[in-house]
Amino acid sequence: ATFHASPPRGALQISSARKEEESVTVQDLKEFAEGRAPAGTALSAVNLGLFSGFSAEYSREGFFWREWWLRSGPLMVYVTYNVESGNEGSETDGVERIIASLEPVQSGPLYTTRV
């Protein structure tokens, strides 16, 4: 799913995946994050609502990026936010509120995410 304010500044994208029979591990998150952010980008541990994992911040080609790799039970959530460099603080509070509001929802044998 992609979200943006009106007028649009940055773009927030949220996707998820799930494991069939076991919980997503810290190692799973690190493997998924590997190669997505530029080499040398530090991963910071985060606890956001019902999810925990890592985030990273970096700038590339005139844009500021922040990414999150989060887990809750068998559910992994990957979140990206990007905005033109120089505007990185303009939507921080709103983006963080949205991410902290995520909750895993079990629908039968499947898990999904609700915003």
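How many aromatic pairs does the structure hold? The tour comes to them at its last stops.

**Before you start.** This is a predicted model, in which local features need pLDDT of at least 70 and side-chain atom pairs count only at pLDDT 80 or more, while totals for chains, interfaces and linings use all residues. Residues are numbered from 1 along each chain as its sequence is written, and side-chain values use heavy atoms, with hydrogens and water left out.

**Stop 1: the sheet.** Colour by secondary structure. Helices (H or I, at least four residues) and strands (E, at least two) are DSSP runs, numbered from the N terminus. Two strands pair if DSSP finds at least two bridges between them.

Now select 63-72 and 75-84. These are E5 and E6, paired in the antiparallel sense over 10 bridges. Click Phe64: its bridge partner in E6 is Val83.

Stop 2: Contact here means heavy atoms within 4.5 Å. Select 26-33. Next, select 92-100.

**Stop 3: the cores.** Show side chains. A nonpolar core is a set of buried Ala, Val, Leu, Ile, Met, Phe, Trp, Tyr and Cys residues joined through side-chain atoms within 4.5 Å. Buried means under 20% relative accessible area, exposed over 50%, partly exposed in between (1.4 Å probe, protein chains only).

The largest core has 16 residues. Trp68, Leu70, Val77, Val79 and Ile99 have the most contacts inside it. E2, E3, E5, E6 and H2 each give two or more residues to this core. Its largest share, 5 residues, comes from E6. Centre on Trp68. Beyond four places in sequence, Trp68 is in contact with residues including Val46, Leu48, Phe54, Val77, Val95 and Ile99. Apart from this core lies another, of 8 residues, among them Val24, Leu29, Phe54 and Trp69.

**Stop 4: salt bridges.** The rule is a side-chain nitrogen of Lys or Arg within 4 Å of a carboxyl oxygen of Asp or Glu. The count comes to 5. Select Lys19, Glu22 and Asp28, which are linked in a network. The N to O distance is 3.0 Å for Lys19 and Glu22, and 2.7 Å for Lys19 and Asp28. Lys19 is partly exposed at 24%, as is Asp28 at 23%. Then pick Arg18 and Glu20, bridged at 3.3 Å. Arg18 is partly exposed at 29%, whereas Glu20 is exposed at 64%.

**Stop 5: aromatic rings.** The structure holds 3 aromatic pairs. Rings of Phe, Tyr and Trp (its six-membered ring) pair if their centres lie within 6.5 Å; planes under 30 degrees apart count as stacked, over 60 as edge-to-face and the rest as tilted.

Select Phe32 and Tyr78. Their centres are 5.4 Å apart and their planes at 75°, so the pair is edge-to-face. Phe32 sits in H1 and Tyr78 in E6, 46 residues apart. Phe32 is partly exposed at 27%, while Tyr78 is buried at 14%.

Finish on Tyr58 and Trp65. Here the centres are 6.4 Å apart and the planes at 10°, so the pair is stacked. Tyr58 is buried at 8%; Trp65 is partly exposed at 22%.
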